[in-house]
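Here's a protein chain to explore together. Have a look at the sequence and the 3D view, and then we'll walk through what can be picked out.

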Amino acid sequence: MPRQPYVLLFEEVIPGATPLTILVDDRGAVPLFDSEVKARGFLASTDFGAEFEAVEVSGAGLARALESVEAEVGYVAVNPPPAGEGPMRVRMGGLRELIDALRQNPEDDLFGLGRLS
């Protein structure tokens with residue numbers, strides 16, 4: 001289970017907004033970051049436009065955001081690197097698996113995303 005901070009990218013920062021989704025090897029995914037710096041670095045390397053913003057969300061907020069796009073994508077892309085940094089190697093996890101873990105076991109390190117000390 002990833003630990004906070006949970007950072008997602010949103011076009012609009014309003015209640016009910018859906019997070020950015022991307023394609024990684026033809027698989028739809030939500031990019032999930034463990035810092036705003038990593039999220040901004042990724043965003044700056046793309047052509048998504050300046051309207052997207054890195055937003056830290058709570059565990060409950062992360063679960064709600066992931067549920068809002070579950071019909072569209074099946075994965076979470078963990079800390080995807082900025083575009084143009086060579087071959088893009090992205091650690092992927094199942095979206096439904098993460099949602100279930102957030103709801104049931106908030107302390108488990110599902111994808112090994114515990115913050116480095």
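How many aromatic pairs does a search of the whole structure find? It turns up three, and keep in mind as you read that this is a predicted model. One of the pairs is Phe33 with Phe42, a tilted pair with 5.6 Å centre to centre and 45 degrees between the planes. Another brings Phe42 together with Phe48: these ring centres are 6.4 Å apart and the planes sit at 45 degrees, so this pair is tilted too.

Buried or exposed, what are Phe33 and Phe42? Both are buried. Phe42 has a relative accessibility of 4%, and the cut-off for buried is under 20%, so Phe42 counts as buried. Phe48 has 27% relative accessibility and therefore counts as partly exposed.

Phe42 also has a neighbour from elsewhere in the chain. The C-alpha atoms of Phe42 and Ala83 are separated by 6.7 Å, although the two residues are 41 apart along the chain. You can find Ala83 in the loop between strand E5 and strand E6 (91-94). Ala83 counts as partly exposed because its relative accessibility is 43%.

There's one more ring to look at. The charged end of Arg27 sits over the ring of Tyr75, at 4.9 Å from the ring centre.

Now for the overall layout. The chain has three helices and six strands, and reading along the sequence gives the pattern β-β-β-α-β-α-β-β-α. Of the 117 residues in the chain, 43% are buried. If you take contacts between residues at least 6 apart in sequence, 69% of them join residues at least 24 apart.

Next, the helices. Two packed helices are described by the angle between their axes and the distance between the axes. For helix H2 (residues 59-68) and helix H3 (residues 95-104), the axes come within 9 Å and cross at roughly 150 degrees. Angles over 145 degrees count as roughly antiparallel, so that is the label for H2 and H3. The crossing of H2 past H3 is left-handed.

Which residues meet where these helices come together? On the H2 side they are Gly59, Leu62, Ala63, Arg64, Leu66 and Glu67, and on the H3 side Leu95, Arg96, Leu98, Ile99, Leu102 and Arg103.

H2 has several buried residues: Gly61, Leu62, Ala63, Ala65 and Leu66. What covers them includes H3, along with strands E1 (6-10), E3 (27-32), E4 (53-57) and E5 (75-78).

Finally, take a look at the loop between strand E2 (22-24) and E3, where Asp25 is found. Asp26 is in the loop between E2 and E3 as well. Asp25 has a positive phi of about 50 degrees although it is not a glycine. Asp26 is also a residue other than glycine with a positive phi, near 65 degrees.

Here's how relative accessibility works out for some of the residues we've visited:

| Residue | Relative accessibility | Counts as |
|---|---|---|
| Phe42 | 4% | buried |
| Phe48 | 27% | partly exposed |
| Ala83 | 43% | partly exposed |
| Asp25 | 64% | exposed |
| Asp26 | 74% | exposed |

Terms used: Residues are numbered from 1 along each chain as its sequence is written. This is a predicted model: local features need pLDDT of at least 70, side-chain atom pairs count only at pLDDT 80 or more; totals for chains, interfaces and linings use all residues. Side-chain values use heavy atoms; hydrogens and water are left out. Rings of Phe, Tyr and Trp (its six-membered ring) pair if their centres lie within 6.5 Å; planes under 30 degrees apart count as stacked, over 60 as edge-to-face and the rest as tilted. Buried means under 20% relative accessible area, exposed over 50%, partly exposed in between (1.4 Å probe, protein chains only). A charge sits over a ring if NZ of Lys or CZ of Arg is within 6 Å of the ring centre and within 35 degrees of the ring normal. Axes are lines fitted to C-alpha atoms, for helices over the stretch in contact, and angles run from 0 to 180 degrees between N-to-C directions. Helices (H or I, at least four residues) and strands (E, at least two) are DSSP runs, numbered from the N terminus. Angles under 35 degrees count as roughly parallel, over 145 as roughly antiparallel, 65 to 115 as roughly perpendicular and the rest as oblique. A crossing is left-handed if the near helix is turned anticlockwise from the far one by less than a right angle, and right-handed if clockwise. Contact means heavy atoms within 4.5 Å.
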